[in-house]
Each structure stands twice: as structure tokens, then as C-alpha cells.
Amino acid sequence: MLSSARLAVIAQIAVHGSIAGAAEALHLTPSAVSHQLSRFEKEIGVALVERGPRSLRLTDAGRRMAEHAETIATMMREAQEEVTALGQGRAGRLRIGFFSSGGIRMVPLALSRFVAAHPQAELGLLPGQTHELLPLLEQGSLDVAVVFDHSVMPYPVPPNLEVTGLLSDPQRVVMPARHPKAQRSTVALGDLADVPWIATHGIPPTPPVLEKLCRDAGFVPEVRCRTDHYDVILGLVRAGLGVALVPVLGIPRTLEPGLALARIDGASVVRRISMVTRPGNPNPLVPEFGRALESAAATVQAELNGRTGTSPGE
């Protein structure tokens, strides 16, 4: 096994052309450098220098060893710099899962702030639903999961994961503008028992939140279509094919013509958005992104409150 100390000796002899010059560069005595050189030659069984009465020249083997020594020294410096950067959170890989409507405003805002502070970080981004992302987080395939559940139907997060609340996303009934109740600011779900609904799939294994709310209101909704894409839902509602329950985060800031919004009379229906992490994860980028995400969530929460005229918990 080659000694890094002896490789440094031969490299400095190549640079300075003398024992004295190498000793000064390495902060050693000339005798210590001579001793290291002699030990090196004995260990590998090859002469590295040609010694004259007043001169010292590298042999062909010595020149080649000096080249290898410089290459190895460069690799060691790069390895130390890379590992230090990883340990300090200046570089590394961060794998983030997030639900689709979180990727419209909140997650991109957090990522822009995070990347500005950590330009060397490598990102892995995976859109998905709560029931898809949490198992990946448990398995170590993700570092952070941005997920949601509903105030009226909490989703069971595994106890070995840590949950940090981010924001509250109020839900609204979306109706075609020509619907008889479209001019109301609030509407009772029971008043919509006889119209078709455009619904989401929900978060397995829990049933869709719409079914629970309608059941509590005394009826079973007629679901004409299910999709988790809110732009599709809004398009179908605008076409007059039904009504829907949509979180404000999934509704454009400027409501398109042909649509009307209403609160649910007598009920506070809020989608709770959270960051879930794995305790003990040594990745230093996780808390860095967490701070960026909490900051972005505060910005988005203020925007939602301004749009709906509500406090965070409605």
C-alpha cells in the first residue's frame, strides 16, 4: 500500500528539484524527507532518484511516480471537498414527492428559493398522491413528501414518520354559472342532492371526502366522472356536466367565465397540507428544504386567505 506521505515527498521533489525544496514545502527537515524517500524506494524496490555529489534527479520511474502522486493528491482534494460539501448541505441529492396541485404554486416557490441557496444540489422530483408517496418515504426512496388529507377525514400517517403542518386549503363547491344556486355565497349540500357530481378518487384506503360529506347531509351523490386533475374537473363543470368540490389551491386565481364558487353551508371543509419526513435522515438538505417549504407555504396561505376572506382554519 502506497503511503500518501511518501507520495507527497516524491511530488514535491519533482516540483522543487531538491530535497531542501521539498522539505520546505512540506514543513519537514531535509533529513526527514531523505528518510521518507529512502523508505519509499526500499518498499517498492525501484530507484526513484539519481543522486549525485551536488545534485538529485528523478529517474524515469521517479517521474512517473510523481505524476501518479499529483493525480492521487488531486483526487484526494476533490474527494474531501465533495464530502465536505455534502456534509455541510452545499451539495448532494434531495428527493421530493408532492401532490399535483401542490406543484402549481407552493412547491415551485419553495424550490426556487431552495435552489437559489443551494445551486449545486441535485433534485429528484416525483408527483404523486398521499397513499403513493408515504410508502416511498418510509422505504427511503424519498427524503420529503408534501401531502394532504382532509379535516373531516384525517389520513393515518405511519407513526415512524414526522408530520409538519404547512397550510390549510379551504374547499369550495364549484357550479356552472347558470346553475339556479350559482348566485349564492353559501350552499347546503342537501340542495345539490339531485345534480350529478364530478369527483376525485380520494386517498385510499379512506373513501372520497365528497361521499362522506354527502352521506352526512343525508344522500348518496351521483358521481358522473372521477378524476384527480382539477383542470379537467373545472372544464366539465363549466360545460354543465355537474358540480364539484374543489380546494381553492386547485382553482385559478382568476375564475374563468362560466363558473361560480360557494362555501358549504354549516360545514368547514379544509384540505390540510403537510410536509412529512423520516426522523433520523442524515441528509442535511432536508431541513434546508423544509425551511424553504415552510416559507413558501406561509406566502401561499396568505394568498389563499386573501382570495377567500378567511383565516387559516376557516
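**Salt bridges and core**

Twelve salt bridges are counted here, a salt bridge being a side-chain nitrogen of Lys or Arg within 4 Å of a carboxyl oxygen of Asp or Glu. This is a predicted model, in which local features need pLDDT of at least 70 and side-chain atom pairs count only at pLDDT 80 or more, while totals for chains, interfaces and linings use all residues. Residues are numbered from 1 along each chain as its sequence is written, and side-chain values use heavy atoms, with hydrogens and water left out.

R105 pairs with E303, their closest N and O atoms being 2.5 Å apart. Because R105 lies in the loop between strand 3 and helix 5 and E303 in helix 9, this pair ties together parts that are 198 residues apart in sequence; helices (H or I, at least four residues) and strands (E, at least two) are DSSP runs, numbered from the N terminus. D169 forms a salt bridge with R271, at 2.9 Å between the closest N and O atoms, and since D169 lies in strand 6 and R271 in strand 12, the two join parts 102 residues apart in sequence. Both D169 and R271 are buried, where buried means under 20% relative accessible area, exposed over 50% and partly exposed in between (1.4 Å probe, protein chains only).

The largest nonpolar core has 39 residues, such a core being a set of buried Ala, Val, Leu, Ile, Met, Phe, Trp, Tyr and Cys residues joined through side-chain atoms within 4.5 Å. Helix 9 gives the most to this core, with nine residues.
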